[in-house]
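Trainee: Hi, could you walk me through this model? I'm new to reading structures.
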Amino acid sequence: MSAEVAYKQVFGWPDSLKKNPTHYCPGCGHSIAHRLVAECLDELGVREKTIGVPPVGCAVLAYNYFNFDMVEAPHGRALAVATGIKRVHPDKLVLTYQGDGDLAAIGTAETIHAANRGERITTIFINNAIYGMTGGQMAPTTVLGMNATTTPGGRDPRLHGNPIDISRMLAVSNGVVYVERCAVSSFKQIRKAKKAIKKAFQCQLDDLGFSLVELLSPCPTNWKMSSKAAWAWVNEEMVKTYPLGVIKDETGYEDKK
Amino acid sequence: MPSEKMLMRGSNVVGEAAVRAGCRYYFGYPITPQNELPEYLSARMLDVGGTFIQGESEVASINMVLGASVAGGRTMTSSSSPGISLKQEGISYMVGMELPAVIVNMMRGGPGLGNISASAADYFQATRGGGHGDYRTPVLAPASCQELVALTFAAFDLADKYRNPVMLLGDGLMGQVMEPVVFPDFIDLKDLPKKDWILNGCEGREPRALFSMLLGQGELHQHNLDLQKKYDQITAEEQRWKTKNTDDADIIVVAYGTAARVAESAMNDLRAEGLAVGLFRPITLWPYPIAALRELAQKGRKIAVFELCMGQMVEDVVLSVGERAGIYFYGVPGGVIPTPAEVADFLRSVAKGDGKVGRRIEV
């Protein structure tokens, strides 16, 4: 056996990710989510036909990390911007990468209506239950009892409203073909998340409809926890409000097997 | 081939002109008095293989325009005053990223929901940027359906040339009035200059990123200086206006859009009475045709400004004319269009200097 075939590369830097150090905090879920998106685009061979729209929020600088065409959207408007792009380039893969505030508070209308039109767009939805970039204010997804800088004493439904489950709300729309909620807080869940992201992109490439993968994601800085405790909090507490699993799947991919 | 002469409503005229000027992506939200435009394009885009989306809001619609523009399409939206307020966020972002698009504002009375008839109360918003940040958008003000055709074509070309949103500023009357028009032939999209900045997938090139957030030391400062250079060039090269009967005039009436049509009728009536009135009609409201108006404000002439609001463009007249001539103002607010007779009364009052109609502006 020659040296060339003795070694098989099993891990490397994805083409879809630039070799830039990120600005994300230690223990943040964004870095993992970025890598999963990049690996999936590489494996599908679509990096050069991908156009991405990052959010306003911690991932606003995602164009420094993703190695494909990207355009910044105003806060919450990613799916409206993506709609315009996709209508001009129906043959390209168009993705939005959005946080909970962007997608489920200020951009709720754009989110629901793009999904309901069945835009052939894939959304990666990072839910960390907090406003990261602005320093820990309440997110629409902040769970009950959770402390944020604008929920002194913990989120109280009478004072602050209830955590919103936007993925489940979207799933009732006929334009939406695939919605799955995963987490980036354990190795097993990370592997599941990658499968879900790849399937969501495939769903777009196959022109089936709107697809979304929600990723429960730790924010140790604003949760004021260690990275390890933040992972545990996602796995033990956050999943009570946001149970993991497939929320909707009308792709028919499994049926074909 | 140019079209046959046809009788058409102003809003539909903009739609047909836009399609012939190569617009293939329209996004908008219904609001009176310009609903005929999205209605027209919802059908017309099907004919030409374009995209029409009735967005869930004006906010969403302008951001769809942003997306279509960054993807390289000729794209537009339209609305009326309250809806244009909602679009200001997206317009500011498009300016920041230097994205071309055409925005049509068929102004109605305000503030708030106001009413649905013609008004010119959004002049400040249109000519001073409108959204947040230090910027301008070229503003074109048509005064007839045939001019709507020409200015719709011009708006798309200016937007592409300067990579900046351009506003077509009409009003409820301009959107509703029916006049005979002839359309030029369809442009060939292939003849347009190539855009080397668009997002279309990075095959065979480095990935591109467009953004308006500039955090690096001095980056935003430099970006604003670069934008200003562009605005200086637009100011120097793109001023448009029309004059009528100005050579021998003692009074120059300054008005744009619908107001200019009323003023022209008043001028004609007064000319028959022997009063030497001329008309100065700005077509670009930004850049304002300052030098041309300044030139007219000589020889002891009086400048009489008439607007369908309580005095907005008059500030640009003051900036243009200064103390060279007496400036008089007559404005009618809130979606009421005065008759030529009322404007003639104003001009007679200016001629006599009796101050009975309108007021003198102290500079």
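Trainee: Which strands form the open sheet of six in chain B, and in what order?
Mentor: The order is 10-12-11-14-15-16 in chain B, and the pairing is mixed. Strands here are DSSP runs of E with at least two residues, helices are runs of H or I with at least four, and both are numbered from the N terminus. Two strands pair if DSSP finds at least two bridges between them. Before we go on: this is a predicted model, where local features need pLDDT of at least 70, side-chain atom pairs count only at pLDDT 80 or more, and totals for chains, interfaces and linings use all residues. Residues are numbered from 1 along each chain as its sequence is written, while chains are lettered from A and ligands numbered from 1 in the order in which they are written.

Trainee: OK, which strands stand at the edges?
Mentor: Strand 10 (241-244) and strand 16 (359-361) of chain B; each has a single partner strand, so one side of each is left without a neighbour in the sheet. On average, neighbouring strands of this sheet are turned by 25 degrees against each other, direction ignored.

Trainee: How many bridges pair strand 10 with strand 12 in chain B?
Mentor: Four, in the antiparallel sense, with strand 12 covering residues 277-282 of chain B. In that pairing, B:Thr243 stands opposite B:Phe280 of strand 12.

Trainee: And which helix packs on the sheet, touching strand 10 of chain B?
Mentor: Helix 9 (residues 257-273) of chain B, which also touches strand 11 (251-254), strand 12 and strand 14 (302-307) of chain B. Its direction makes about 165 degrees with that of strand 12 of chain B. Such angles run from 0 to 180 degrees between N-to-C directions, with axes being lines fitted to C-alpha atoms, for helices over the stretch in contact. Helix 12 (residues 340-352) of chain B lies across strand 11, strand 12, strand 14 and strand 15 (326-331) of chain B, at about 155 degrees to strand 14 of chain B.

Trainee: Switching topic: what domains does chain B have?
Mentor: Domain 1 is 6-201 + 224-237 and domain 2 is 242-361; such bounds come from an automatic or database domain assignment. The contact takes 27 residues from domain 1 of chain B and 21 residues from domain 2 of chain B. Two residues are in contact if their C-beta atoms, placed from the backbone, lie within 7 Å.

Trainee: Which helix gives the most to the domain 1 side of that contact in chain B?
Mentor: Helix 5 of chain B, with four residues. That side of domain 1 of chain B divides into 16 nonpolar, eight polar and three charged residues. Ala, Val, Leu, Ile, Met, Phe, Trp, Tyr, Cys and Pro count as nonpolar, Asp, Glu, Lys and Arg as charged, and the others, Gly among them, as polar.

Trainee: How many residues does chain B put into the contact with chain A?
Mentor: 32 residues from chain B, against 28 residues from chain A. Helix 3 of chain B supplies the largest share of the chain B side, eight residues. By class, that side of chain B has 18 nonpolar, 10 polar and four charged residues.

Trainee: Which strands are joined by bridges between the two chains?
Mentor: Strand 2 (residues 69-71) of chain A and strand 9 of chain B, which run parallel with two bridges. There, A:Val71 has B:Leu210 as its bridge partner.

Trainee: Last one: how many helices and strands are in chain B?
Mentor: Chain B has 12 helices and 16 strands.
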